[in-house]
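Let's walk through this one together, strand by strand. Keep the viewer open and follow along.

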Amino acid sequence: MILTLPSGIAVDPNNGRVFVADSGNDHIVKFTKNGGHIKHWGSSGSNNGQFKFPSGVAVDSSGHVFVVDTYNHRIQKFTNNGQFMKSWGGWGHGDGQFIAPFAITIHPSSGNVFVDDSNQFRIQQFTNDGNFINKWNNVYSFGVAVDPNSGNVYRTDVNNDNIKKSTNNGVPIAVLGTPGAGNGQFNDPQGIALDPSTANLFVADTLNYRIQKITDNGGFIDKWGHKGTGDGRFDRPRALALDPKTSSVYVADYGNNRIQKFTYDGAFIKKWMNYP
């Protein structure tokens, strides 16, 4: 089987295994850090363990896997091997409800879950078991990351082509970047990930067809990628994940139906797109 429109990716902090939201096939796929298939689960539907375009995935410090089940308007929680544990959400405007949520991240210490409820222009924060904590509004975003040291939250503002930095209660701190194609500028930024040792941010600058690396205050550090199908090139990179233990960056190369792996400095390591 070929990965089809992979929209989400996460790294298990315990062992470096890679989980991909294979959106077009309604699967979650578990790989080794070098792309070896371990297992996959899911099918199309709305029952427990089924999906309608899963677009975000995250793994907590206990190895539990959280999936943004976008068009079922819910979050599903699994064991590391894909056994269903629980779900929460459902279509609606109330606290703990969603309309086509897109991305997710987890604070590694508290285990709190931050969900990008994209089509309601808000972030919702939950306990690890899905109990609602708080919410904040006003950004249409397709990516969210949290700094485990400061607790600050970063969101990719798709409409305004920048990054919004706030406290973990939604109080604005700064706006990082401007629209454009220059260094530190963005065009439809979507995925975002944070290196906990430096607080540097890696951003999937989707319609600039590249990855950018910036400081937590928006200072430009590095970039790599162009539009294309070759190694290190992208077609709408949509999500990314970091493995701080090996200083590796994994990118869900959405339009090329594959995963690409790089060093923190953007050197190409490997790509893969197939699983049984």
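Which residue in β26 is the bridge partner of Q260? That would be K271. Keep in mind as you look that this is a predicted model.

On one side, β25 and β26 (residues 268-272) pair in the antiparallel sense, with four bridges between them. As for β25 itself (residues 258-263), five of its six residues are buried, so the strand is largely enclosed by the rest of the structure.

Now for the nonpolar packing. In soluble globular proteins, nonpolar side chains tend to be buried together. The largest nonpolar core here has 14 residues, and those that touch the most other members are L3, I9, V18, V20, F31, Y250 and I259. Two or more residues come from each of β1 (6-11), β2 (18-22), β3 (27-31), β23 (237-243) and β24 (248-253). Zoom in on F31: leaving out residues up to four places away in sequence, its contacts include L3, V18 and V20, along with R17, H37, W272 and Y275. There is also a second, separate core of twelve residues, with I211, F234, L240 and L242 among them.

Four strands form an open sheet in the order β13-β14-β15-β16, with antiparallel pairing. β13 (141-146) and β16 (172-176) are at the edges with a single partner strand each, so one side of each is left without a neighbour in the sheet. From one strand to the next, the twist averages 20°. Inside the sheet, β14 (residues 153-157) and β15 (residues 162-166) run antiparallel and are joined by five bridges.

Last stop: H107, in the loop between β9 (103-106) and β10 (113-117). Is H107 buried or exposed? Its relative accessible area is 11%, so H107 counts as buried, the cut-off being under 20%. The H107 side chain reaches the backbone nitrogen of S109 at 3.1 Å. Not counting residues up to four places away in sequence, H107 touches N112, F114, V146, D147 and P148.

Terms used
Residues numbered from 1 in each chain as written. Predicted model: local features only at pLDDT ≥ 70, side-chain atom pairs only at ≥ 80, totals over all residues. Heavy atoms only, no water. Pairing = 2+ DSSP bridges. Axes fitted to C-alpha atoms, helices over the stretch in contact; angles between N-to-C directions. Buried < 20%, exposed > 50% of the residue type's maximum accessible area, 1.4 Å probe, protein only. Polar contact = N/O pair within 3.5 Å; in protein donor to acceptor, adjacent residues only side chain to side chain. Contact = heavy atoms within 4.5 Å. Core = buried A, V, L, I, M, F, W, Y, C linked by side-chain atoms within 4.5 Å.
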